[in-house]
Amino acid sequence: EGAFFLNLDVDNSDVVQFIRVSHGQGPSGARLPKQNSNFPRAWHTGHGLAADALATRVVQLYGEPDSRSPSTKDGQQLELLYYAFDWAGTDVPQVMEVLCTVAKDGKPGQVVEITLAAPSL
């Protein structure tokens, strides 16, 4: 099935500029421990979106994205859903990018990566 990974990027003042949670096969960032550990049971956004959710769940939770575009990662065809939250004020992430597998053969796409970015990006 794949593991969950967490990546953080900080600026020169050690302020987090983005956080990314991904679900997949390859090593990328810190591997998150399985449930039953001292870490939170599931990593998800404030509205409950997890990195292994169905792509339809993204739209249920956040509405239609500001844009959709084709993307690739590690040779896999994906779809990028882009949300801008600049209307919500500078004390929250300003951008959310969600990478999903492409729906195929009647199966909905699945979230493989969620990136939340700070106001400065």
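## Fold and numbering

Helices (H or I, at least four residues) and strands (E, at least two) are DSSP runs, numbered from the N terminus. By that rule, the chain has one helix and seven strands. Their order along the sequence is β-β-β-α-β-β-β-β.

This is a predicted model, in which local features need pLDDT of at least 70 and side-chain atom pairs pLDDT 80 or more, while totals for chains, interfaces and linings use all residues. Residues are numbered from 1 along each chain as its sequence is written, and side-chain values use heavy atoms, with hydrogens and water left out.

## Burial and surface

The chain has 121 residues, and 32% of them count as buried. Buried means under 20% relative accessible area, exposed means over 50%, and partly exposed lies in between (1.4 Å probe, protein chains only). The chain exposes about 7,900 Å². Carbon and sulfur atoms supply 51% of that area. Areas come from the Shrake-Rupley method with a 1.4 Å probe; for residues, only the protein chains shown count as cover.

Contact means heavy atoms within 4.5 Å. Among contacts with a separation of 6 or more, 38% come from residues 24 or more positions apart.

## The nonpolar core

A nonpolar core is a set of buried Ala, Val, Leu, Ile, Met, Phe, Trp, Tyr and Cys residues joined through side-chain atoms within 4.5 Å. The largest one here has 13 residues. Leu49, Val58, Tyr83, Met96, Val98 and Val111 have the most contacts inside it. At least two residues of this core come from each of α1 (55-62), β5 (76-84), β6 (95-101) and β7 (111-117).

## Helix α1

Ala55, Val58 and Tyr62 are the buried residues to look for in α1. They sit on the same side of the helix, because they cover an arc of only 40° around the axis. That arc is taken from the directions from the helix axis to the C-beta atoms. An α-helix has 3.6 residues a turn, so residues three or four places apart point the same way. The buried residues of α1 pack against β5, β6 and β7.

## The aromatic cluster

Rings of Phe, Tyr and Trp (its six-membered ring) pair if their centres lie within 6.5 Å; planes under 30 degrees apart are stacked, over 60 edge-to-face, and the rest tilted. The count comes to four aromatic pairs. Tyrosine 62 and tyrosine 83 form a tilted pair, 5.8 Å centre to centre with 55° between the planes. Tyrosine 62 lies in helix α1 and tyrosine 83 in strand β5, so the pair ties together parts 21 residues apart in sequence. Both tyrosines are buried.

Tyrosine 62 also pairs with phenylalanine 85, again tilted, at 6.1 Å and 45°. Phenylalanine 85 is in the loop between β5 and β6, 23 residues from tyrosine 62. Relative accessibility is 18% for tyrosine 62 and 15% for phenylalanine 85. Tyr62, Tyr83, Phe85 and Trp87 form one aromatic cluster. Beyond four places in sequence, tyrosine 83 also contacts other residues, including Val58, Val59, Gly63 and Met96.

## Glutamate 113

Glutamate 113 lies in strand β7. Leaving out residues up to four places away, glutamate 113 touches Arg20, Val21, Ser22, Lys73, Glu97, Val98 and Leu99.
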